[in-house]
Amino acid sequence: MTEFVQRGLYVEELEVGARYLHRPGRTATEADNVLFSSLTMNAQALHLDAAYSATQPFGQRLMNSMWTLATMVGASVAQITQGTLVAQLGLSDISFPAPLFHGDTLYTDTEILDVRLSSSRPGQGVVTMRHTGRNQHGEVVATATRAALMWCRDAAPDTPGQP
């Protein structure tokens, strides 16, 4: 029988310009918003207070933008970084051009912007990627550029628990 271990991609497997569509999407719920906002001590009324939010420009509660960002990054893990990430180096150029609401579905795609070998860490490389989140109507609700330190195939450690 053939066995497959799910993993992300090694530095050598990542191609500049490649675009990964992460599916399925993730439908944002009220519980997600309340729990995430509470866990992160973000008491912003625009996330938690329906009566207040109804009087504001969008007329309803907004999903916590940090939930949106974290969910976009999380959506990319299985296809790109599972077991191949050494460390996240940074996030930049983060924007939220349109709101995400309870009941919207977030679809994420990732484009590889740059791949280079690390000059200070043999067997590892720096990958720069852009995550884009869209709602179910195709409207861009978030973007972020991410730099990650990742393993090269020949230097990667064995996966723990795998024979």
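**A surface patch and its setting**

Mentor: M66 is partly exposed, at a relative accessible area of 39%; buried means under 20%, exposed over 50% and partly exposed in between, with a 1.4 Å probe and protein chains only. The model is predicted, with local features requiring pLDDT of at least 70 and side-chain atom pairs pLDDT 80 or more, whereas totals for chains, interfaces and linings use all residues. Residues are numbered from 1 along each chain as its sequence is written, and side-chain values rest on heavy atoms, without hydrogens and water.

M66 belongs to helix α4, residues 65–81 (helices are DSSP runs of H or I with at least four residues, strands runs of E with at least two, numbered from the N terminus). Together with L91, I94 and F96, M66 makes a nonpolar surface patch of about 300 Å². Such a patch joins nonpolar side chains (Val, Leu, Ile, Met, Phe, Trp, Tyr) within 5 Å, or like charges within 9 Å, in residues with over 30% relative accessible area and no salt bridge; a salt bridge is a Lys or Arg side-chain nitrogen within 4 Å of an Asp or Glu carboxyl oxygen. Areas come from the Shrake-Rupley method with a 1.4 Å probe; for residues, only the protein chains shown count as cover.

Strand β2, residues 85–95, contains D93. D93 is not a glycine, yet its phi is positive, near 50°, and the residue is exposed at 59% relative accessibility. M41 likewise has a positive phi, of about 60°, without being a glycine. M41 lies in the loop between α1 (30–39) and α2 (45–48) and is exposed, with a relative accessible area of 76%. In strand β1, residues 19–27, lies P24, which a cis peptide bond with omega of about 10° joins to R23. Most residues other than glycine have a negative phi, and most peptide bonds are trans.

Away from the surface, the largest nonpolar core has 12 residues, including L9, Y20, I80 and C152; a core joins buried Ala, Val, Leu, Ile, Met, Phe, Trp, Tyr and Cys residues through side-chain atoms within 4.5 Å. Strands β4 (124–134) and β5 (140–151) each supply at least two residues of this core. Another core, of 11 residues, lies apart from it and includes M63 and M72.

The chain as a whole has 4 helices and 5 strands, in the order β-α-α-α-α-β-β-β-β from the N terminus. Of its 163 residues, 37% are buried.
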